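Reader: I would like a close look at a single part of this protein. Please keep the account plain.

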Amino acid sequence: MKWTGVLTFAMTAFLVGIFLAYTLSRPGPMPWVDEPTFEAGMCERNSRSEAVIVERSEKAFAKLHPHVRERSESFVRLAYSCLGLEVRLTSGYRSADEQNALYAQGRSKPGQVVTNAKAGESYHNYGLAVDFVIIHNNRADYDLESDHNRSDEPDWQELGELGKALGFEWGGDWRSFPDYPHLQMDFGLSIRQLASGKRPDDKATMPLADVMKPLVD
Ligand SMILES: [Zn+2]
């Protein structure tokens, strides 16, 4: 009786171990590298075309932290000139009311659930995050398999790499709830610290990948 108990325990522990090893080591939906795969030489800068495209994201720039604003503008510019992709920022700063309205979507209101964050729980609420989408043939494209620039790498992955090279944390890296359109800069502050009133300095910056340095003013 005692031995069967030990055996059962050992078997259970073994199976739980296998299960955990499998779930924890399973790769995320997309493999990931930190440095962007493109080089500065690939970028054909056309500041006039870039400016036209940046203009379409103008609303999302309002009330962002100055550095988040600058780097998200670079993101839109370089997505176009280096990756041949038009992206549009669909969201930036969100007030408490706007965040709660978004949280209600798919819960107390119709629609799809798009966020797990209530007012104060998202970096958007502090002007530290932006959301983007790929624009193809004048339509928003959220298809993770899209490869409009024929690089043999999903466009969303290339854009995530670009965002990270510019110092953003990319929501596409999040294991439990990947948020592919989301880019944020926390400047070392947790949501808890932000909620309790701490703010990054207006002059705070985030690191830039070496390959990006010639491309960002
Ligand atoms: Zn977001």
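Leaving aside its neighbours within four places in sequence, which residues is Ala-79 in contact with?

Author: This is a predicted model, in which local features need pLDDT of at least 70 and side-chain atom pairs count only at pLDDT 80 or more, while totals for chains, interfaces and linings use all residues. Residues are numbered from 1 along each chain as its sequence is written.

Beyond four places in sequence, Ala-79 is in contact with Leu-85, Val-87, Leu-159 and Leu-162; contact means C-beta atoms, placed from the backbone, within 7 Å. Ala-79 is also among the residues that touch the most other members of the largest nonpolar core, a group that includes Val-76, Leu-85, Val-87, Val-130 and Leu-162. That core has 35 residues, a nonpolar core being a set of buried Ala, Val, Leu, Ile, Met, Phe, Trp, Tyr and Cys residues joined through C-beta atoms within 7 Å. Helix H4 (66-83), strands E1 (86-91) and E2 (129-136) and helix H6 (155-165) each supply at least two of its residues; helices (H or I, at least four residues) and strands (E, at least two) are DSSP runs, numbered from the N terminus. H4 gives the largest share, eight residues.

Of the 18 residues of H4, 13 are buried, so the helix is largely enclosed by the rest of the structure. Buried means that 20 or more other C-beta atoms lie within 10 Å of a residue's own, exposed 12 or fewer, and partly exposed in between, with C-beta atoms placed from the backbone. Just after H4, Gly-84 takes a positive phi of about 65°.

Technical notes
Contact = placed C-beta atoms within 7 Å.
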